[in-house]
Amino acid sequence: MNLVTIEHLTKSYTERLLFDDTAFSINEGEKVGLIGINGTGKSTLLKIVAGLEEPDSGTVVRGRNLYIRYLPQIPEFVPGDTALESIMRDNANETHYSSAEEMQATAKSMLNELGIPDHEAKMETLSGGQRKRVALAGVLMSRAELLVLDEPTNHLDSSMAGWLEEYLKAFRGALLMITHDRYFLDSVTGRIVELDKGKLYSYQAGYRGYLELKAQRLEMMEATERKRQSILRNEIAWMQRGPEPGPPSRRPTSRGTRSSGTRRGRSMTEMWSWNPLPAAWAAQLWSLRACARLTGTRFSWRTLPIFS
Ligand SMILES: Nc1ncnc2c1ncn2[C@@H]1O[C@H](COP(=O)(O)OP(=O)(O)OP(=O)(O)O)[C@@H](O)[C@H]1O
Ligand SMILES: [Mg+2]
């Protein structure tokens, strides 16, 4: 069952388009890693999923009474709270602890695991990394159906990262996470979503599988581009040779069609069956050629002379 479904997501801050009519969804119990280069909008997507930001257009549908806990990239705190108070405050609505004492014992244990042994330290005296770990401990104490974690592995040493890795693998709810730790990503998540130039691409794999699938996708795109270039080069060469002498039916008509069966006819048919666009280009080339003849102008495509 989908916990969150986002469709036709479009959002920009000022003139920068972060999401361009794209989609995202996450299922019950699914563990998803979100990747993308810095500043592409990853944190913004997490905020939209968590309901803290609204898209400019598109729809966001969350399951009824869906319980989400969110760890921001840079958490904020109530001034004056100690680390323990801060966690207790964040979990005041958690109902699965039988008593405040039980919740407090769990909070202390989490803080210890994440390298905050001084539970009474005031939040404002802690470093940015320590604050992030306090916030992480607080979020992990919940029984959310969906954890949304923005860079939880920042500021963790390897033993803390190992502990978090096991904790999240055992976590039964869904997880949407941003992390730059590729090993962690590969170990914890089962699906990678990549944000690239406003579009979200989903790969049903861990990070290693994502790398392989992405390489395949790029190879396919390159092969398609090579084929397009080759067909276009052939077409330009064909145009440069000029029309064969023959009955008018062998010449292009105003609708850009030719009789089939000739060498040239087959070439055009092949090209049009592949993509209708070159048909339009061919028509343009015919006009350009006529123009070149009339005016003595030279035309070229990249470094390739077309007509002169
Ligand atoms: N509230 C806001 N107002 C204006 N611009 C914003 C706001 N939030 C984010 N941005 C801009 O939108 C872009 C994407 O920000 P976002 O934090 O979502 O990216 P990110 O992929 O998480 O980046 P990073 O990898 O650095 O964490 C950035 O250029 C950022 O400056
Ligand atoms: Mg971010």
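Of the 308 residues of the chain, 26% count as buried, where buried means that 20 or more other C-beta atoms lie within 10 Å of a residue's own, exposed means 12 or fewer, and partly exposed lies in between, with C-beta atoms placed from the backbone. This is a predicted model, in which local features need pLDDT of at least 70 and side-chain atom pairs count only at pLDDT 80 or more, while totals for chains, interfaces and linings use all residues. Residues are numbered from 1 along each chain as its sequence is written, and chains are lettered from A and ligands numbered from 1 in the order in which they are written.

**Exercise 1. State how many helices and strands the chain has, and describe the sheet that contains β1.**

Step 1. There are 9 helices and 11 strands; these are DSSP runs, H or I of at least four residues for helices and E of at least two for strands, numbered from the N terminus.

Step 2. An open sheet of 3 strands has the order β2-β1-β4, with antiparallel pairing. Two strands pair if DSSP finds at least two bridges between them. β2 and β4 (57-62) are at the edges with a single partner strand each, so one side of each has no neighbour in the sheet. From one strand to the next the twist averages 15°.

Step 3. Strand β1 (residues 2-13) is joined to β2 by 8 bridges. Along this pair, N2 stands opposite N27, and I6 has F24 as its bridge partner. The two strands form a hairpin with 2 residues between them, and T14 in the turn has a positive phi of about 50°.

**Exercise 2. Describe the sheet of 6 strands and find how α1 lies against both sheets.**

Step 1. The order is β5-β6-β7-β3-β8-β9, the sheet is open and the pairing is mixed. Here β5 (68-71) and β9 (199-203) are the edge strands; each has a single partner strand, so one side of each is without a neighbour in the sheet. The twist in this sheet averages 15° from one strand to the next.

Step 2. Helix α1 lies across β3 (31-35), β5, β6, β7 (174-178) and β8, at about 155° to β6. α1 also lies across β1, β2 and β4, running at about 130° to β1. Axes are lines fitted to C-alpha atoms, for helices over the stretch in contact, and angles run from 0 to 180 degrees between N-to-C directions.

**Exercise 3. Which residues have the most contacts inside the largest nonpolar core?**

Step 1. A nonpolar core is a set of buried Ala, Val, Leu, Ile, Met, Phe, Trp, Tyr and Cys residues joined through C-beta atoms within 7 Å. The largest one has 54 residues, and L34, A137, V148 and L176 have the most contacts inside it. Helix α4 (residues 128-140) gives the largest share of this core, 6 residues.

Step 2. Take L176: leaving out residues up to four places away in sequence, L176 touches I26, V32, L34, L46, V49, L146 and V148. Contact means C-beta atoms, placed from the backbone, within 7 Å.

**Exercise 4. Is G129 buried or exposed, and how does A144 count?**

Step 1. G129 is found in helix α4. G129 is exposed because 11 other C-beta atoms lie within 10 Å.

Step 2. A144 lies in the loop between α4 and β6 (146-150). A144 has 19 C-beta neighbours inside 10 Å, so A144 counts as partly exposed. Apart from neighbours within four places in sequence, A144 is in contact with Y67, I68, R69 and G173.

**Exercise 5. Which residues surround ligand 1, and which element supplies the largest share?**

Step 1. The shell consists of Y13, R16, L18, G36, N38, G39, T40, G41, K42, S43, T44 and Q73; a residue counts as near a molecule if its C-beta atom, placed from the backbone, lies within 6 Å of it.

Step 2. β2 (16-27) and α1 (42-50) each supply at least two residues of the shell, and the largest share, 3 residues, comes from α1.

Step 3. Sorted by type, the shell has 2 nonpolar, 8 polar and 2 charged residues. In this count, Ala, Val, Leu, Ile, Met, Phe, Trp, Tyr, Cys and Pro are nonpolar, Asp, Glu, Lys and Arg are charged, and the others, Gly among them, are polar.

Key: Contact = placed C-beta atoms within 7 Å.
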